Amino acid sequence: MESNKKIFRSNSIRTLCTLPLFLLPIAEMNGTTTYAQSVQFSFSLSNSTVKEVLEQIENESEFVFVYYENTFDPSKKVSINANGKEVDEILDEVFAGQGVSYEINDRQVILKKEEATSTSSKAVHQQETKKIQGLVKDIFGEPIIGASVVIKGTTNGTITGLDGEFSLNNVEKGSVIQVSFIGYQTQEIAWNGQPLTLTLKEDSRQLEEVIVVGFGTQKKENLTGSVSQVSMDEVLGDRPVTSAAAALQGAMPGLTIGGGSGPGQSKSFNIRGTLSINGGSPLVLIDNVEGDINMLNPEDIESVTVLKDAASSAIYGARAAGGVVLVTTKRPKSGTNFNLNYNFNVGWEKPINVLEQASLLEYIDAYQEAGYTQTYWAGNGDVAKWRDYLVQYKKDPSSLNTIGDGIYKDTDGRVYWLSEKNIYDNILTTGFLNNHNISASGGTDKIRFRLSAGLSKENGPLYTDKDSYYRKNISAFVSADVLKWFTQEITVSYSDAKKKCQKGSVIW
């Protein structure tokens, strides 16, 4: 099925462009107590081998040791009292003076030989590493619960408890402690080895942020309704996405974005849940003109605001019953230099969470256990015979006189299919997409302009080109201050999109 959609707009109507959608890795920072810090042991061994000590640690915990055979002498005798100790304290005692270092990655402990030049520095490092304790509070002296406390430049971190207190192991004297919490200014302090008391100040800059609300703007501190706003440059980053809706997925609280993931498939918005049995969707306004956000170029968008509560109905009436999505496009400011920008990105896409296909033998066994008749519904073959032929074919394909691709015709004329194929592997491969954008903008004291164009091509993961998407976009904006009290603006947007997709339901 092929669709060709062209849109032409002029005179205060917004732009339409592209970007390719893809998945990206997410960096994760350890903001809580690590597993190594939460486990304490309760055993005591006398005159035991190093190997026996490591086995005892594995038996009492989920730790797994990884090392080469020549890393240390496993038969070396040691005595250890591990009661109330953590794993790093035990390892320091066991391998003291043996030139063995270790690295703890969650539940995996990697043991390796130390370089001769680093043995002394390791000992100094272990001596200077201590446990840090502290308290985080606000300017009124109230404890801050859930504040993030991290050793800057590392993943060693935790969060404050109900009393605002925290503790961290393995901290070197002089390390920079970074404390942050939503709505407060991030604070950094070098640790001098003593307990810390940190006071966080409110971040007034967040309260000064300007939010688009209805037909105007307000400071965040003056808002009374439920409003969320994001900057498109922040949520988009370098991701290759084909639509603004795809870029906003997971970026705004209270905004649920659904829909297919195939090339060119539109996304749906949901803010206030199911409105009726007939469905319903939020009102989408592009620079206060109703439009389709799926046809916008994400790089032409300045910000997206979501009005989530009933207060929006005071402006937009019944059309705001499902919430309102306000899209503000980029506008150059007066007195800015000429700016020419070009960017492109490429990406590859593959189906994820593909179900593992059961073997034909497993399918027949399940079919028989379900109590169905021995006559199979397709081909009128005998299920029991089919199973016997399949087992025989797996052992020796030449023992049966098959034709074509493993097709066996019995003496009674019934046909049995014996060659197994993975359907997904046969029809799916790695898709490719690329995206190009160019823009030019600038402005004097009285005239401002911005021109942009985009080209997007996406070939989906089907082996053929039957799931492809092609789109080109052009937009222009000019604003002129004719008089001090009169400004004339014009916006022209053009989009030409072609989409091919398989009929019926999507398989990924």
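This is a predicted model: local features need pLDDT of at least 70, side-chain atom pairs count only at pLDDT 80 or more; totals for chains, interfaces and linings use all residues.

Reader: What makes strand S27 and strand S28 a pair?

Author: Pairing needs at least two bridges between the strands. S27 (residues 447-459) and S28 (residues 468-483) are joined by 13 bridges. They therefore count as paired. Their sense is antiparallel.

Reader: Which strand pairs with S28 over 15 bridges?

Author: Strand S29 (residues 486-500) does, also in the antiparallel sense. Leu483 stands opposite Phe486 in S29. Two residues lie between S28 and S29, and the two strands form a hairpin.

Reader: What holds paired strands together in general?

Author: Strands of a sheet pair through backbone hydrogen bonds, parallel or antiparallel.

Reader: Which strands here run parallel, S19 and which other?

Author: S19 (residues 283-286) runs parallel to S22 (residues 324-329), with four bridges between them. Val284 stands opposite Val325 in S22. Both strands belong to an open sheet of five strands, in the order S16-S21-S22-S19-S20. The pairing in that sheet is mixed.

Reader: Why do S16 and S20 count as edges?

Author: Strand S16 (227-231) and strand S20 (289-290) each have a single partner strand, so one side of each has no neighbour in the sheet.

Reader: Now the helices. How do you know how H2 and H3 are oriented to each other?

Author: Helix H2 (residues 50-60) and helix H3 (residues 87-94) pack at about 175°. An angle over 145 degrees counts as roughly antiparallel. H2 and H3 are therefore roughly antiparallel. Their axes are 11 Å apart. H2 contributes Val50, Val53, Leu54 and Ile57 to the contact, and H3 contributes Val87, Ile90, Leu91 and Val94.

Reader: What kinds of residues make the contact of H2 with H3: nonpolar, polar or charged?

Author: Eight are nonpolar, with no polar and no charged residues.

Reader: Why do we say that the buried residues of H3 line one face?

Author: The buried residues of H3 are Val87, Asp88, Ile90, Leu91 and Val94. Seen down the axis of H3, they fall within an arc of 160°, so they line one face of the helix.

Reader: Why is Gly443 called buried?

Author: The cut-off is under 20% relative accessible area. Gly443 has 13%, so it is buried. Gly443 sits in strand S26 (residues 431-443). Beyond its neighbours within four places in sequence, Gly443 is in contact with Lys333, Gly335, Thr336, Arg448 and Phe449. The C-alpha atoms of Gly443 and Arg331 are 10.0 Å apart, though 112 residues separate them along the chain.

Reader: What makes the phi of Asn170 worth a remark?

Author: Most residues other than glycine have a negative phi. Asn170 is not a glycine, yet its phi is positive, about 60°. Asn170 lies in strand S10 (residues 165-172). Asn288 also has a positive phi, near 65°. Asn288 is in the loop between S19 and S20.

Reader: Why are Asn170 and Asn288 called partly exposed?

Author: Partly exposed lies between the buried limit of 20% and the exposed limit of 50%. Asn170 has a relative accessible area of 44%, so it is partly exposed. Asn288, at 39%, counts as partly exposed too.

Reader: How many helices and strands does the protein have?

Author: It has 11 helices and 29 strands. Of its 508 residues, 37% are buried.

Conventions: Residues are numbered from 1 along each chain as its sequence is written. Side-chain values use heavy atoms; hydrogens and water are left out. Axes are lines fitted to C-alpha atoms, for helices over the stretch in contact, and angles run from 0 to 180 degrees between N-to-C directions. Angles under 35 degrees count as roughly parallel, over 145 as roughly antiparallel, 65 to 115 as roughly perpendicular and the rest as oblique. Contact means heavy atoms within 4.5 Å. Ala, Val, Leu, Ile, Met, Phe, Trp, Tyr, Cys and Pro count as nonpolar, Asp, Glu, Lys and Arg as charged, and the others, Gly among them, as polar. Buried means under 20% relative accessible area, exposed over 50%, partly exposed in between (1.4 Å probe, protein chains only). The arc is that of the directions from the helix axis to the C-beta atoms.
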